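Morning, everyone. I'll walk through one structure today, piece by piece. Have a look at it first.

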Amino acid sequence: MTQTPTAIIGAGIGGIATAVRLAVRGHRVVVFEAQESFGGKMHQVELPGGYRFDGGPSLFTLPHLVDELFELAGRNPADYFRYQRLDPITEYFFADGTRVTAWADEKKFAREVEEKLGVPAADVRAFLARSGRAYDATAGTFLQKSLHKAGTYLSPDVLKALAALPQLGLTSTMHQRHEAAFSDPRLVQLFDRFATYNGSDPYQAPATLSMIPHLEHGIGAFYPEGGIYAIAQSLVRLAEELGVEFRYNEPVREILTESGHITGLRTDQDTYQFGQVVSNMDVVPTYRHLLPTQPAPERTLSQPRSSSALIFYWGVARRFPELGVHNIFFSEDYKREFEAIFGQQTISPDPTVYVNITSGHTPTDAPEGHENWFVMVNVPHDQGQDWPALVAQTRAAVLRRVSQALGTDIGPLIRAEHVWDPPGIAARTSSFGGALYGSSSNNALAAFLRHPNFSRRLKGLYFCGGSVHPGGGIPLCLLSAHIVSDLMNN
Ligand code: FAD
């Protein structure tokens with residue numbers, strides 16, 4: 001049991017999970033958060049008229065990674081946090097008017113695809129089985145351990161996973177893998193979409209990422225009671241019970257060092273001594289703003305960013321029984337859409353639209369007879385684009401697409417609205433350019449190019465969260481906390 005106090009910069013999900021893990025191991029932990037509350041990207045939005053939304057993430061997979069934190073602390077997870085398996089998972093609306101429901105049951109989903117798209121169910125099941133095998137062969141290695149410690153490469157499991165990599169598709173793209181598997185372009189589009197789960201482009205991302213569908217279709221998609229925000233809320237409650245101190249509205253301005261060691265932090269309120277600091281802030285501003293005189297790992301920091309998002313939070317004065325929790329309205333030309341995002345750094349005039357509605361499961365999220373629509377489009381990270389113009393153009397395109405698919409003019413039903421764009425995401429969370437997942441995974445070696453969970457130069461400095469290894473998204477941020485806690489305690 002160590003008594004050295006540890007500071008965590010940021011109360012995002014990675015920072016909260018790290019705080020829990022360190023507190024369980026006997027550390028005294030103080031979390032400094034720039035905003036007035038916890039959650040970071042995982043915050044909530046409330047609009048006049050009685051609408052509540054999960055502000056950022058909406059899809060929840062690998063719930064055992066949350067349960068595990070309560071169990072580590074000797075608590076019963078269900079006393080803090082409950083969830084159910086979602087079925088159906090997603091409603092897909094294709095540009096040609098075809099609709100496909102992604103059922104949780106793999107066989108039922110495969111039958112649905114056969115019926116609606118004419119692709120043999122056996123082909124779908126074979127693809128999903130392959131996705132599961134790829135996940136099992138690599139996830140334990142590439143997601144659960146530091147890739148930047150020599151010791152990692154000495155374990156037989158890791159050597160086996162590295163040997164398997166070439167067959168898993170480092171040399172072809174996700175899109176090529178899906179085209180080879182399916183003749184129907186709609187099913188190719190459906191599986192290509194999984195590249196967006198870590199902010200990547202299916203036309204560039206390696207085929208290894210075709211293991212992502214296994215998370216949803218093999219292991220399951222889940223809905224937390226009370227929405228995704230309940231994950232952060234319940235873990236903060238646990239952290240506080242374990243003695244973690246949260247200092248809100250206190251942005252860290254500088255990480256203090258002496259002779260290659262961390263010595264503390266400076267905020268506007270005070271200067272504090274800490275032997276160990278974990279940055280849950282995006283790694284780029286951590287170096288640029290908090291360590292301006294230290295040499296930065298420029299090659300790592302210059303990796304291309306993941307996509308960002310443009311979100312419209314709409315209070316909608318009607319219920320749509322044909323919609324579920326997750327709904328996708330596909331664009332007609334997916335390739336053009338990704339060329340716009342990653343090539344031209346703009347938004348396609350015909351973007352794919354994602355609509356998340358939680359009021360069906362959590363009735364208090366909208367007034368009776370209404371729904372809370374979280375409407376999201378994938379967009380490039382902020383590089384000074386004309387966002388007001390892009391927001392106006394995209395709002396019109398989204399309304400056109402969704403109104404056409406549902407046969408109802410949606411515009412007049414909007415009773416409350418809030419918009420979050422990439423500069424807004426950057427301002428609220430300090431994520432570089434408002435990128436959702438740090439660097440993109442468009443490069444086959446991206447996993448190795450992410451920043452490690454520790455500093456090679458400064459003793460006592462660690463990193464967790466979506467901008468470092470193993471990557472963005474709730475499960476990976478939780479895994480980063482696990483890796484950091486192991487590094488700090490070994
Ligand atoms: P962040 O959420 O980035 O939080 C960092 C925290 O650090 C913030 O609270 C910030 O205020 C604080 N901070 C920054 N600088 C300082 C400072 N100097 N001092 C003190 N505090 C500071 N993931 C999924 O798994 N499923 C999804 O469906 C999904 N959809 C998404 C949709 C959107 C719109 C967004 C924005 C994200 C989505 N993600 C999704 C990604 C997921 O939300 C993130 O990967 C994850 O929440 C990031 O957590 P983090 O630990 O990196 O911290």
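Start with Asn198, in the loop between H7 and helix H8 (212-219). Keep in mind that this is a predicted model. Is Asn198 buried or exposed? Buried, because its relative accessible area is 12%, and the cut-off is 20%. Its side chain makes a polar contact with the side chain of Ser441, at 3.4 Å.

Step back to H7 itself, residues 185-192. This helix is mostly covered, with six of its eight residues buried. Those are Leu187, Val188, Gln189, Leu190, Phe191 and Asp192. At the start of H7, look at Asp184: one of its side-chain oxygens comes within 2.7 Å of the backbone nitrogen of Arg186.

Now the ligand. Which residues come nearest? There are 34 residues around the ligand, and the nearest are Gly14, Glu33, Lys41, Gly466 and Gly473. Take the polar pairs next. A polar side-chain atom of Lys41 sits 2.6 Å from a ligand oxygen. A backbone polar atom of Gly466 is 2.7 Å from an oxygen of the ligand. For Asn280, a side-chain N or O atom is 2.8 Å from a ligand oxygen. How much of the ligand does the protein cover? On its own, the ligand has 1,000 Å² of accessible area, and the protein covers 95% of that. H16 gives the most, with three residues. By type, the shell divides into 16 nonpolar residues, 15 polar and three charged.

So, H16. This helix runs over residues 474-489.

Pro470 lies in the loop between strand E19 (461-463) and H16. A cis peptide bond joins His469 and Pro470, with omega about 0 degrees. There is another cis bond, between Asp87 and Pro88, again with omega about 0 degrees. Pro88 is in the loop between strand E5 (83-85) and strand E6 (90-93). In general, most peptide bonds are trans, and most residues other than glycine have a negative phi.

On phi, look at two serines. Ser259 has a positive phi, near 50 degrees. Ser259 is in the loop between strand E10 (252-258) and strand E11 (261-267). With a relative accessible area of 71%, Ser259 is exposed. Ser430 also has a positive phi, near 65 degrees. Its loop lies between H14 and helix H15 (446-449). Ser430 is partly exposed, at 32% relative accessible area.

Last, the cysteines. Cys464 counts as buried, because its relative accessibility is 1%. Cys477 is buried as well, with a relative accessible area of 8%.

That's the tour. Happy to take questions.

Note on methods
Residues are numbered from 1 along each chain as its sequence is written. This is a predicted model: local features need pLDDT of at least 70, side-chain atom pairs count only at pLDDT 80 or more; totals for chains, interfaces and linings use all residues. Side-chain values use heavy atoms; hydrogens and water are left out. Helices (H or I, at least four residues) and strands (E, at least two) are DSSP runs, numbered from the N terminus. The expected span of a helix is 1.5 Å times one less than its number of residues. A residue is near a molecule or strand if one of its heavy atoms lies within 4 Å of it. A polar contact is a pair of N or O atoms within 3.5 Å; within protein, one must be able to donate a hydrogen and the other to accept it, and residues adjacent in sequence count only if both atoms are side-chain atoms. Accessible areas come from the Shrake-Rupley method with a 1.4 Å probe; for residues, only the protein chains shown count as cover. Ala, Val, Leu, Ile, Met, Phe, Trp, Tyr, Cys and Pro count as nonpolar, Asp, Glu, Lys and Arg as charged, and the others, Gly among them, as polar. Buried means under 20% relative accessible area, exposed over 50%, partly exposed in between (1.4 Å probe, protein chains only).
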